[in-house]
Each structure stands twice: as structure tokens, then as C-alpha cells.
Amino acid sequence: MRQFKDNLLRGLLWLSAFLSVAVLVMIVGFIFYKGIGLISFDFIFGDYSPDGDGGIWPMIVTTIYTVLISLVIATPIGILAAVYLQEYAKQGRLVRLIRFATESLTGIPSIIYGLFGAVFFVTTLKLGMSILAASLTLTIIVLPVIIRTTEEALKTVPGSYREGSLALGTTKLQTLYKVILPSSMPGILSGIILSVGRIVGESAAIFLTAGTVAAMPDSILSSARTLTVHSYLVTQESGDIELAAAVGIVLIVIILAINLSATYISKKFNRATNK
Amino acid sequence: MSIPTTNKQTVEIGKANKRKYMLEKVSQRLFLICALLSVITLLLIIGFVFYKGAHPFVAEGYSFIDFIFGSDWVPSEDKFGIFPMIVASIFATIGALIIGVPIGLFTAIFLAEIASERLAKIISPAVQLLAGIPSVLYGVFGLAIIVPFLQNTFGLVKGQSLIAVILVLAIMMLPTIVTVAETAIRAVPQTYREGSLALGVSQIGTIFKVIVPAAKSGIMTAIVLGLGRAIGETMAVILVAGNSLIVPTSLTDSVRPLTTNIALEMGYAFGTHQEMLFATGIVLFSFILILNFVLAKISSKGGN
């Protein structure tokens with residue numbers, strides 16, 4: 001009887017793993033199979049045209065804008081916040097409050113961020129539906145990610161580094177800039193790279209704050225659409241699965257590149273600390 | 001002659017020290033402000049969304065009970081009832097959990113305990129990569145493959161349905177659940193396994209009686225994270241839900257969950273209609289808080 005139960009469970013384990021892998025392979029396979037026919041130099045670098053023959057360069061540019069602007073704002077704030085939490089703060093009510101807020105921000109679904117961005121950045125601050133409004137919304141979304149990964153990176157810096165530096169008569173600030181931040185750089189960097197993935201993959205919040213204008217943005221105050229929003233809209237509006245899948249290929253390649261570089265950096269980091 | 005110089009030097013060193021000291025103070029303040037920004041943004045988000053969402057009920061005399069339990073959503077006729085959407089969201093989430101959690105968990109166990117190291121080394125990073133794929137693409141896949149499949153298999157007029165949403169969300173949860181749960185299972189100390197096996201317990205018995213209970217809190221985190229991804233998902237769901245405003249009575253009914261209601265109408269809504277979308281957001285928000293609370297309760301109960 002127990003033998004039977006064991007075999008049954010073992011069978012279920014194999015079956016589940018097979019199912020998971022099969023489904024996930026199917027999704028990637030499907031995206032590539034459907035979309036690969038459209039991929040060409042003109043498709044990626046060509047200007048968009050509504051009749052369907054155009055490229056997706058405006059969406060790529062918009063995506064790059066959102067990534068750059070959100071990171072330029074979120075990275076320094078996130079790193080300094082983590083520095084405060086790890087290096088300066090005395091554990092107490094204030095730190096608990098900040099940690100609680102950061103954790104809560106992680107759990108909020110992106111559509112709520114979208115609502116907030118639409119009322120705060122778009123309407124109250126009068127930015128309109130724009131790349132800037134979307135980027136500021138994305139800044140809030142990735143801030144907790146950067147704070148958390150930087151905190152983890154700071155934790156790995158041995159206490160002896162700090163003591164050694166301070167014993168040489170440096171100030172706390174000098175120790176921070178010359179010793180602590182450089183040695184936790186790889187960890188911080190992989191956190192930033194992960195945020196790029198989050199920004200590139202985001203759709204609902206951008207949909208509500210950047211709008212859907214399918215043209216090359218004139219400035220960061222123009223409404224524009226990112227790759228994910230484009231993929232959604234062509235599916236929803238015209239049912240053009242091939243086009244959506246072709247955009248999907250570009251997205252998957254970007255995510256793949258991001259993941260590989262994050263893995264590479266953390267591997268290099270581990271080797272460096274193990275020496 | 002030498003005394004004034006020393007004084008001058010002392011004064012200069014004093015000045016330099018003072019500047020350093022000031023810089024330390026100022027930068028510490030700056031760091032604190034950065035850290036407080038997350039508190040401020042959280043308060044701003046809650047403040048704005050709740051202010052906008054509560055306005056119709058507080059200032060315009062709409063009934064909150066009618067909003068929650070009303071089943072008509074006709075903004076042009078001033079009717080705002082989200083009961084069908086609440087039901088759709090709850091069913092979609094529970095359905096996705098019922099399918100996604102066991103498969104994801106079993107896959108994680110398989111990768112950590114059963115699969116050869118070589119096989120796990122190929123599959124795990126691939127699954128991890130899939131966790132990063134934009135969720136819109138899961139929706140595109142759902143619309144192109146799952147929806148027609150359901151349509152043909154069950155002879156539906158429209159394949160976009162509650163079951164399509166459940167399947168897409170379950171698939172979307174898989175990579176997150178597998179990745180996090182696998183890490184948790186691998187973190188169980190080797191001695192647990194050896195101890196159990198030495199007592200004559202079979203490998204499968206060891207896995208389900210010793211290792212899974214030991215990794216419970218990590219597994220719970222995996223479920224909460226997977227759930228978080230599913231429950232807040234919007235764009236992928238719009239593509240496969242069908243967006244009908246009825247209370248679903250069967251798995252093949254077309255539905256409109258809470259998230260999609262916001263995204264579909266936010267573009268053109270204004271006035272009370274827009275505020276009602278914020279109110280929808282509040283309901284979604286509370287829904288997530290309650291679910292996380294329940295899951296935390298379940299996991300702490302299991303601990304006793």
C-alpha cells in the first residue's frame with residue numbers, strides 16, 4: 001500500500017514537472033514561431049505606420065526612455081535609502097515603519113500604481129499622459145526593489161572593512177564612498193538590472209499614465225507607447241497575433257540579456273569575495 | 001612668531017573638522033529623507049486613491065452597499081455596482097491557486113529532490129527566466145491558443161471565459177512559485193534528509209513528511225508572491241476574460257474582474273465614473289490585504 005502511494009506521488013511529481021516545462025516551452029515556442037516571420041532590420045529600426053507594415057522603433061525608444069528616466073531617479077534614492085537603513089539608522093520604530101512601507105509598496109498591484117500615477121502625476125502635477133508621468137510612476141514601482149537588493153549587498157560587506165577604514169581616521173562618509181559602496185557595487189548593480197526587467201515588463205501602470213500614442217515621442221512630455229503596451233494593443237484592437245508575438249520576441253530577448261548580465265555580475269561578485 | 005601660526009593652524013584644522021562634521025550631518029539627513037520617501041509615497045498612494053474612491057460615498061450620497069452588492073454597472077445611467085467583478089476576481093484567483101499551486105509546488109519538489117543535478121541545472125534557470133517574461137505575452141498566448149482551444153473543445157460561442165482567465169493566471173504563477181519554492185526546499189539542511197532516510201523512511205515519505213514541512217515558510221512565500229502576480233494582473237486578463245458584466249455561474253461564462261474594469265474605462269472616465277474606478281481600486285486593494293492576511297494565518301496555524 002505504501003509502495004503504491006509512493007509510486008503514485010512520484011508519478012505526480014514527474015507529471016507536474018513535465019506539465020510545467022511543457023507549458024512554458026510552449027509559450028516561448030509559440031511566441032517565436034508566430035513572430036519570427038516579421039523580425040527584420042526594418043521591423044526593429046523602422047518608423048511605425050498604422051497600416052501594419054511599419055516598424056517598432058518608436059516603441060523601443062519609448063521603452064528606453066522610461067527605463068532611463070526611472071532609473072536615474074530611483075537608483076540614487078534607493079541606494080541612499082538602503083545606506084540609511086543599513087549603515088546609519090538605529091533599529092527602532094522609525095526603521096520598522098520604513099521597512100513596513102517598503103514591503104507594502106512591493107505588494108501593491110501595478111494597476112493601483114497606475115491609478116495613483118493617473119491622478120497624481122498626470123492630473124495633479126499636470127504632466128499629462130506622458131513618458132515622464134509613466135517614468136515617475138515606474139520609479140515608485142522599482143524603488144523597493146533597489147532598496148532591498150542594495151540592503152542585501154551592504155549586509156555582505158564585512159564589518160572589518162568598516163572598522164579598518166574608520167581606524168585609519170576616515171569619516172563615516174569617506175568610509176561609505178571609498179570602502180562600503182565600492183565593495184557592494186556588484187550586488188547593487190544586479191539589483192538595478194533586475195529593475196530594468198521590471199520596467200520593461202510593466203504594462204498596466206504605463207497604459208494608464210503614458211497613454212497609447214503610436215508615434216516617435218517628441219519629448220519626455222509626449223504621450224507614447226512602450227513595447228508591452230504595443231503588444232497588448234495590437235492584440236486587443238486588431239487581433240494581430242503575429243505582430244504581438246514579434247514584439248514579444250524583442251521583449252524576451254531584452255529580458256534574456258538582462259538576466260544573463262545579472263547572473264554574470266553576481267557570479268563575478270561571488271568569485272571576488274571567495275578569494 | 002610660532003604661537004600665532006599654531007593658532008592659525010589649529011583654527012584651520014578646526015574649520016576643516018567643522019566642515020567635515022557639517023557634511024556628515026547634512027548627508028545623514030539626506031539619507032534619512034531618501035529612506036522616508038518610501039513612507040511618503042505609500043501615504044500619498046493610499047491618500048490619493050482613498051480620497052478619490054471614497055468621495056462618491058462620502059460627499060455625493062452614493063450607497064457603498066449598493067456599490068459592493070449591486071450587479072448593474074452602467075456609468076451612463078449612473079449605476080455603479082461591482083458585485084459581478086468581485087465574484088469574477090475571487091473565482092479567478094481561487095481557480096488559479098487550485099491549479100497553479102500544486103503543479104508549481106510539485107515541480108519545485110521534483111527539481112530540488114528528484115531530478116538529476118544535470119536536468120535541474122537546465123530546467124531551473126529556464127523557469128527563472130520565464131518568471132521575468134512580461135505578463136502581456138501570457139495574455140497573447142492565452143488569446144491565441146487557450147481561447148480557441150476552449151471554444152472548439154466545449155463548443156462555446158466565445159472562448160474568452162472565466163476558465164481561460166484561470167488557466168492564464170495559473171500558468172503565469174508557475175515560474176514564480178517554482179523558483180521561490182525550489183530555493184526554499186534546497187535550503188532544508190541535508191541532515192534532515194539523512195536522518196529521515198536512516199530511520200527507514202522512503203524517499204517520497206521523506207519529501208512529504210520531513211522536507212516540505214521544514215520548508216513551509218518559504219513555500220508560503222512562494223504562494224503569496226505567485227498570488228500577488230496573479231491577482232493584480234490586468235492586461236493579460238483583459239485579453240482572455242471577455243469582459244461581460246454578469247455574475248459568472250459557470251466556468252465558461254465571460255467575466256470582467258476588478259483590475260480589468262479599471263484599465264478598460266480609466267481612459268475615458270471622468271467625474272463620478274472615474275471616482276468609482278478608484279473605489280474599484282480600493283476594493284481590489286482590500287481584497288489583496290485580506291488574502292495576504294488569510295495566507296499568513298494559514299501558515300502560522302500550520303506551524304503549531
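Analyst: One definition is needed at the outset: helices (H or I, at least four residues) and strands (E, at least two) are DSSP runs, numbered from the N terminus. In this predicted model, residues 86–295 of chain B are 79% helix and 0% strand by that assignment. The end C-alpha atoms of this span lie 19 Å apart.

User: What annotation covers residues 86–295 of chain B?

Analyst: An unreviewed UniProt entry annotates residues 86–295 of chain B as "domain: ABC transmembrane type-1". In chain A, the UniProt annotation "domain: ABC transmembrane type-1", likewise from an unreviewed entry, covers residues 60–262.

User: Why is Leu181(A) called partly exposed?

Analyst: A residue is buried with 20 or more other C-beta atoms within 10 Å, exposed with 12 or fewer, and partly exposed in between. Leu181(A) has 18 C-beta neighbours inside 10 Å, and therefore counts as partly exposed. Leu181(A) belongs to helix 8 (residues 172–183) of chain A. Its C-alpha atom is separated by 9.3 Å from that of Ile79(A), 102 residues apart along the chain.

User: What makes Lys268(A) partly exposed?

Analyst: Lys268(A) has 13 other C-beta atoms within 10 Å, so it is partly exposed, given that the exposed class requires 12 or fewer. Lys268(A) lies in helix 12 (residues 241–274) of chain A.

User: Why are helix 3 and helix 9 of chain B described as oblique?

Analyst: The axes of helix 3 (residues 83–114) and helix 9 (residues 216–231) of chain B come within 11 Å and cross at roughly 140°. Roughly antiparallel requires an angle over 145 degrees, and roughly perpendicular one from 65 to 115. Helix 3 of chain B is therefore oblique to helix 9 of chain B. Their crossing is right-handed. The residues that meet include Gly100(B) and Gly104(B) in helix 3 of chain B and Gly226(B) in helix 9 of chain B. By class, this contact has nine nonpolar, four polar and no charged residues.

User: How do you know that helix 1 of chain A and helix 8 of chain B are roughly perpendicular?

Analyst: The axes of helix 1 (residues 2–35) of chain A and helix 8 (residues 203–214) of chain B cross at roughly 70° and come within 9 Å. The perpendicular class runs from 65 to 115 degrees, and the two helices are therefore roughly perpendicular to each other. Asp6(A), Leu9(A) and Arg10(A) make the contact with Ile204(B), Gly205(B) and Phe208(B).

User: How many residues of chain B are in contact with chain A?

Analyst: In total, 70 residues of chain B are in contact with 68 residues of chain A. Helix 1 (residues 2–59) of chain B gives the most to the side of chain B that touches chain A, with 21 residues. That side divides into 51 nonpolar, 16 polar and three charged residues.

Conventions
Residues are numbered from 1 along each chain as its sequence is written. Chains are lettered from A and ligands numbered from 1 in the order in which they are written. This is a predicted model: local features need pLDDT of at least 70, side-chain atom pairs count only at pLDDT 80 or more; totals for chains, interfaces and linings use all residues. Axes are lines fitted to C-alpha atoms, for helices over the stretch in contact, and angles run from 0 to 180 degrees between N-to-C directions. Angles under 35 degrees count as roughly parallel, over 145 as roughly antiparallel, 65 to 115 as roughly perpendicular and the rest as oblique. A crossing is left-handed if the near helix is turned anticlockwise from the far one by less than a right angle, and right-handed if clockwise. Two residues are in contact if their C-beta atoms, placed from the backbone, lie within 7 Å. Ala, Val, Leu, Ile, Met, Phe, Trp, Tyr, Cys and Pro count as nonpolar, Asp, Glu, Lys and Arg as charged, and the others, Gly among them, as polar. UniProt positions are given in the numbering used here, feature names are shortened, and annotations may be inferred rather than shown by experiment.
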